Amino acid sequence: MSRTARFTLDPAFTIGEVNPRLFGSFVEHLGRCVYTGVFEPGHPTADEAGLRTDVLDLVRELGVTTIRYPGGNFVSGYKWEDSVGPVEDRPRRLDLAWRSTETNRFGLSEYIAFLKKIGPQAEPMMALNLGTRGVAEALELQEYANHPAGTALSDLRAARGDKDPFGINLWCLGNEMDGPWQTGHKTAQEYGRIAAETARAMRQIDPGIELVACGSSSQSMPTFAEWEATVLAETYDLVDYISLHAYYQPEDGDVDSFLASAVDMESFIENVVATCDHVGARLKSKKKINLSFDEWNVWYISEWHAIENSGARDWAEAPRLLEDNYSVTDAVVFGSLLIALLRHADRVTVACLAQLVNVIAPIMTEPGGPAWRQTTFFPFAQASRYGRGQVLDVRVDSPTYETKKYGEADLLHATAVRAEDGSVTVFAVNRSRTEALPLEVALGGLDLTSVVEHCVLADADPDARNTLDEPERVAPHAAEGTALRDGVLTAVLEPLSWNVIRLG
């Protein structure tokens, strides 16, 4: 057994308060996320609006808050007007982003109704098309969605059955505009100007809205950091957030590096913070730009590129795209990414798991059939439920291992959150594929007396996964032997495991 990993918790040393928006997700008109995902009229569980109630139940259990919509790459060809009004009058359109046909049967009004059925915690986050459209269309959408009454567009919304405004407060100024794959891709200077002009105009309607400028689509982009600096030079006083997107997969069978993916995620966050603060310093501004990590996940993107480059796609409606089936290994990496977000809760105040259903998602469905939880469902649901409060400053003393991509990495990746009632939850990942990891946590100044629960996601088969045929093959289980004595927590973390240790 390897040597012990250790850290100390003290209520005097905190990172910051967790914003509930950290547990957001993402619904894009891509593959089967919408159609036969959240929306399937005629399904045995469908409600009067065509929403699958079995999926709604799982979304509530998942604990999702903010939901970003309608894209993603899809938004850069999106005409919001197509998605409102009588369904039978809505046009069918080619979606260039995913080479599919969009029916617009599910649109803006249906999205808002979907959020309301999830519950009051589900907040809209609307992305604007700044790829093929611009300031005028953004203002029209804002007026249609948010103005109470008495104008052409607000009265049109009411005439179509939505008397009350939608109250969309959080807006994304485009999507991945740094990416050459994006319809309407722009240089940083071009994008910075249109983002600034859109933001300025939207604030004339409502100064209180919150706006997200597009940051880099990944840290590996050749324009990374220079893009953020240029965009923020134009928009610093006009926006509240800059976005980050990151996806991770094992490359060339290198599982050890894959398990350390959060090393990259944390450096990405810290480098964007440094860039934002550099621009702020240059502008002599006291304002801090926060981060919206509004796309993150494990995604086997190389498999998608193989399909994309095959020329096999043919403008189908709701084709099966990006339906990754996640293993226990994937779920452990996924949990580590959640830990990375929590560890930076002082600046990452919005995050969206991409996506919610079927498309690289924690929830899967079969048309006309069941819905079930993927392995990644469990870490997210637990983090959303127990990761509320103050993030404590965790600095680990951990045994390390060598990775090809990131060099020496800690076997332990951990954070801890202190709730309002004084209880503490430790989230911890053991990255070792073969060895259990003893853990000791000194609980200085925390009035904790008992281990409420130690829940583990791990499996003898690291490739185990939940499928249509075996939807409950993988589930969390209770750990044994975890104890709290004389102010010290002791536990043993199973190899390749995600751990939730609740202390009262």
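Two strands pair if DSSP finds at least two bridges between them, and strands themselves are DSSP runs of E with at least two residues, while helices are runs of H or I with at least four, all numbered from the N terminus. With that in hand, welcome to this predicted model, where local features need pLDDT of at least 70, side-chain atom pairs count only at pLDDT 80 or more, and totals for chains, interfaces and linings use all residues. Residues are numbered from 1 along each chain as its sequence is written, and side-chain values use heavy atoms, leaving out hydrogens and water.

**Overall shape**
- The protein holds 11 helices and 25 strands.
- Its radius of gyration, taken over C-alpha atoms, is 23 Å, close to the 23 Å that the globule rule (2.2 Å times the number of residues to the power 0.38) gives for 504 residues, so the protein is as compact as a globular protein of that length.
- Along the principal axes, the C-alpha atoms fill a box of roughly 70 × 60 × 45 Å.

**Burial and contacts**
- Of the 504 residues, 59% count as buried, meaning under 20% relative accessible area with a 1.4 Å probe and protein chains only.
- Among contacts (heavy atoms within 4.5 Å) between residues at least 6 apart in sequence, 77% join residues at least 24 apart.

**A look at strand β7**
- Strand β7 covers residues 124-127; Pro124 and Met126 point one way, Met125 and Ala127 the other, and all are buried.
- In a regular strand, side chains alternate between the two faces of the sheet.
- Strand β4 (residues 67-69) runs parallel to β7, joined by 3 bridges, and Ile67 stands opposite Pro124.
- Strand β8 (residues 170-173) also runs parallel to β7 through 3 bridges, with Met125 opposite Leu170.

Notes: Buried means under 20% relative accessible area, exposed over 50%, partly exposed in between (1.4 Å probe, protein chains only).
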